[in-house]
Amino acid sequence: MAQKTPESEMSSVQGDYLIRIYTTLREGSRVVGSRLADRLGVSASAVTQAFQRMEKQGLAVIDHEWGVQLTPEGRSIAESIIRRHYLIERLLVDTLGFDWADADDEAERLEHSLSPKLETYLFESLGRPTTCPHGNPFPGSPDEERLLGARKLTETRVGESVEVLRITEEGEDDGDLLRFAHDHGLLPDTQVVVKEIDLRAGHLVLAKRDHEVSVPANWAQCIRVSGPV
């Protein structure tokens, strides 16, 4: 029988695995061990061992057809951690004026130490936010389905005017991408015009009011935008 692991007994490393599996599945993607290893900066064998531990603990199921899936218990813990993560990001950016591009890393260091009482207090004090500063929706928020189903920037057409909605969680793992988006003003709720798409050359060109910016195609995959506006 699988051994249940309460969140209070989990290590921060286990929590990191859970939320990355959760956000990958939430984006409709398959959990691939090698990609997860790259995101976490660990070896492929370490990821395999982590999957096996989570299965024994009743947090995940390794399905040979569908890949790694979270159990209801694993999903519940992942959602709890990511809510705290988003609240800390909101506190850092909205209240303390912390750098938008660095908030994800700082929140990752603090997310496991936030008590349920303080979590509730922050949620109310911050005005019941529905997204993190990078646009990703809180689990169960009213806009979750719309934001998760939004197009990749690479799926747009030349001439379209679109609104940047979010940087995916995978994109948030790339500090260079976050810094690029911040420095060029590619933030949620920003409107841009698609001027050029050249995926063979590996870039897209966007126009804002004051300048044009060339976005590498691999980063554009992690930027979600609205339909034409």
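Helices α1 and α3 (residues 44–56) pack at an angle of about 90°, with their axes 11 Å apart. Here the axes are lines fitted to C-alpha atoms, for helices over the stretch in contact, and the angles run from 0 to 180 degrees between N-to-C directions. Helices (H or I, at least four residues) and strands (E, at least two) are DSSP runs, numbered from the N terminus. Because angles of 65 to 115 degrees count as roughly perpendicular (under 35 is roughly parallel, over 145 roughly antiparallel, and the rest oblique), α1 and α3 are roughly perpendicular to each other. On the α1 side the contact is made by Tyr17, Leu18 and Ile21, and on the α3 side by Ala46, Val47, Ala50, Phe51 and Met54; contact means heavy atoms within 4.5 Å. These contact residues divide into 8 nonpolar, no polar and no charged. In this sorting, Ala, Val, Leu, Ile, Met, Phe, Trp, Tyr, Cys and Pro count as nonpolar, Asp, Glu, Lys and Arg as charged, and the others, Gly among them, as polar.

Before going on, a word about what you are looking at. This is a predicted model, in which local features need pLDDT of at least 70 and side-chain atom pairs count only at pLDDT 80 or more, while totals for chains, interfaces and linings use all residues. Residues are numbered from 1 along each chain as its sequence is written, and side-chain values use heavy atoms, with hydrogens and water left out.

Helix α3 has another partner to find. Helices α2 and α3 pack at an angle of about 105°, with their axes 8 Å apart. That makes α2 roughly perpendicular to α3. Look for Gly33, Leu36 and Ala37 in α2, which meet Ala44, Val47 and Phe51 in α3. The residues of this contact divide into 5 nonpolar, 1 polar and no charged.

Now zoom out to the whole chain. Its secondary structure comes to 10 helices and 8 strands. The radius of gyration of the chain is 18 Å, close to the 17 Å that the globule rule gives for 229 residues, so the chain is as compact as a globular protein of that length. This radius is taken over C-alpha atoms, and the globule rule is 2.2 Å times the number of residues to the power 0.38. Along the principal axes, the C-alpha atoms fill a box of roughly 60 × 45 × 30 Å.

Next, the empty spaces. Rolling a probe the size of a water molecule over the atoms shows where empty space is left. On a 1 Å grid over the protein atoms alone, a cavity is a set of points where a 1.4 Å probe fits but cannot get out, and a pocket is an open set with protein on both sides within 12 Å along at least five of seven lines; lining residues have an atom within 4 Å of a point. Grid points are joined across faces, edges and corners, and a volume is the space filled by probe spheres set on the points.

The largest pocket holds about 380 Å³ of space. It is lined by 21 residues, and the closest to its centre are Thr24, Glu27, Ser29, Arg35 and Glu170. Helices α1 (12–26), α2 (33–40) and α8 (169–172) each supply at least two residues of this lining, with the largest share, 4 residues, coming from α1. The lining divides into 7 nonpolar, 5 polar and 9 charged residues.

There are also 2 cavities of 30 Å³ or more. The largest cavity has about 90 Å³ of space, and its lining includes Ile19, Arg20, His85 and Asp104. Helix α1 gives the most to this lining, with 3 residues. Of the lining residues, 2 are nonpolar, 2 polar and 6 charged. The second largest cavity, with a volume of about 40 Å³, is lined by residues including Thr23, Tyr86 and Arg166.

Finally, visit two loops. Most residues other than glycine have a negative phi, and most peptide bonds are trans. Arginine 128, in the loop between α6 (116–125) and α7 (144–148), has a positive phi of about 55° although it is not a glycine. Aspartate 189, in the loop between α9 (175–183) and β5 (191–198), has a positive phi near 80°.
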